[in-house]
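Q: Could you take a close look at the aromatic side chains of this protein and describe how their rings are arranged?

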Amino acid sequence: MKRDNITTVLSKFAKLLHLPVTDQTFYEQLLIHPEYPSLLAVSDILSAYNVDNSAYRVGPEELKNVPTPFIAHTTINEGDFVLVKSREDEQLVLHSEKFNGSKLSLKEFSEIFNGVVLVAEPLPASEGKGTVVENLKGAKSLLIGFSAFLVLILGLCYHTTFFHNLEWATTALVLFKIIGLCTSVLLLIQSIDFANPLVQKLCQGGGNSDCNAILSSKAAKVFDWLTWSEVGFFYFSGTLLFVLFDNSGAEKWHLMTLLTIASLPFTVYSIVYQARIAKQWCVLCCAVQAILWLELMPLLSNSPNFWNLRGLQDAGLLSSALIAFSIPVLLWVSLKPYLIQLQQLHPLRQQLQKFKYNSDSFNQMLTSSPRFVQPDEDWSIVLGSKDANNVLTMVSNPYCPPCAAMHRELHQLIAQKPDLQARIVFTANNTDEDRQTAVSRHMMTLNGRSDKTLVQNALLDWYDQKQKSYDAWSKVYPAEINEDDFNKLEKQKEWCRMAEINATPTILLNGYPIPEYYELTNLKYMLD
């Protein structure tokens, strides 16, 4: 996931508030907010998770009185946000995609402060444990990584002699290979996403350090279709697999030594280019050059006669090397187009989301449709605020599976939006032969009770049933159906015919059918 400024800050803030929501969830919620990226978007999302929060305009001299943690709006990059985690000795501890515990004095922070802060009340620890789904989302990457590591260890234990002949030279070589592979992966990430926050943070050496300048130059390419970053990835991953899984003896070490010596002229070329021509340094590139030289120590200690090429004529040794190098090459060739496409789609998705969740665009599409008279409160189920400015009409069928999911979403939306009213009507034919009729009449009778939570709970319980049983449900919510309920259903039937309702569930907002590409959950931040 691409972590932008506001997602990073909100995610770190949420952890301090004991809010168990994944970064990906926050990112998706932010994207669908009409005011993304802004403090209003952050505030609305926190409110949706029942976190009390408020935004204030304060002067620099009042910052010492603002309770930490809080989010502050700054002048960095024309409006970045930072998380002020705490105060230590008259200094503020800052966090964002650029700051990782950096400390600034109040005077220094005042120079970048834009005058607006957002504070929030942490949730009790008992409420911050999170749902099983959220916990699994957060542990997904960890589980995948652990599983891959476990598969690797089992492979080494049962299919190689790696652990049987383990010595310092082998351990050191594998360690250098892993460090080199990690560095190469970072260089590949930079080639796909030059603005990646992790790579940018590692490359911030100050002075003449500029990874982007080096890696975007012509010297960073072997051919138009092949970069030195890719060559480094192929080298470190291929040789690592070869060391781990090939069971050859001295011949393996000879081949490894020759490959490393063959790569050393590149290190000289890279350093000379950075020092003399570009006059700028790439921290990651220099790390790769250092690792190539460090590999020589364990290699030379185990293969003093590396120039002896007789053993390299072994077909098994050469085929093992070929397979080890082919795996990362084929993997990268397969993944590279997908990763490039994904990176290109990210800004496009942001633009489409901004258009879709733009309030003006939404209202224009909404009001361009014919407007229908809203169901009367006397013969529809009314939930939410009686004096709401926005009225959602839901046309439902008691036996419609999509209606069940829509009802849960509707009740969640009503709970989050105090200035919202929902009116529910049914598509029952109001005849004894129609199985919808009995349930719909029963619902209308319950709706006549003064306690609206009764019909609300009845609706949720009915739609939560996997196997719909009217007899079992009606025993939990008993009611005597009278003739008025028959008449109410008849009016609902007439209204559905007038509004040309052809499918359920159907949603209308203030009498207008919601646009085709919008769902009920999309309206969370669209309603004023």
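A: Rings of Phe, Tyr and Trp, the last taken by its six-membered ring, are treated as a pair if their centres lie within 6.5 Å. On that basis, a search of the whole structure, which is a predicted model, finds 14 aromatic pairs. In one of them, Phe-362 and Tyr-518, the ring centres are 5.0 Å apart and the planes stand at 65 degrees, and because an angle over 60 degrees counts as edge-to-face, this pair falls into that class. The two partners come from distant parts of the chain, 156 residues apart: Phe-362 belongs to helix H14, which covers residues 359-367, whereas Tyr-518 lies in the segment after strand S13 (512-513). Phe-362 has a relative accessibility of 1% and therefore counts as buried, and Tyr-518, with a relative accessible area of 6%, is buried as well.

Another pair is made by Trp-473 and Tyr-477, whose rings are 5.9 Å apart from centre to centre with 40 degrees between the planes, an arrangement classed as tilted. Trp-473 and Tyr-477 are both buried. To summarise the two pairs described here, Phe-362 with Tyr-518 is edge-to-face, while Trp-473 with Tyr-477 is tilted.

Terms used:
Residues numbered from 1 in each chain as written. Predicted model: local features only at pLDDT ≥ 70, side-chain atom pairs only at ≥ 80, totals over all residues. Heavy atoms only, no water. Phe/Tyr/Trp six-rings, centres within 6.5 Å; stacked < 30°, edge-to-face > 60°. Helix = DSSP H or I, 4+ residues; strand = E, 2+ residues; numbered from the N terminus. Buried < 20%, exposed > 50% of the residue type's maximum accessible area, 1.4 Å probe, protein only.
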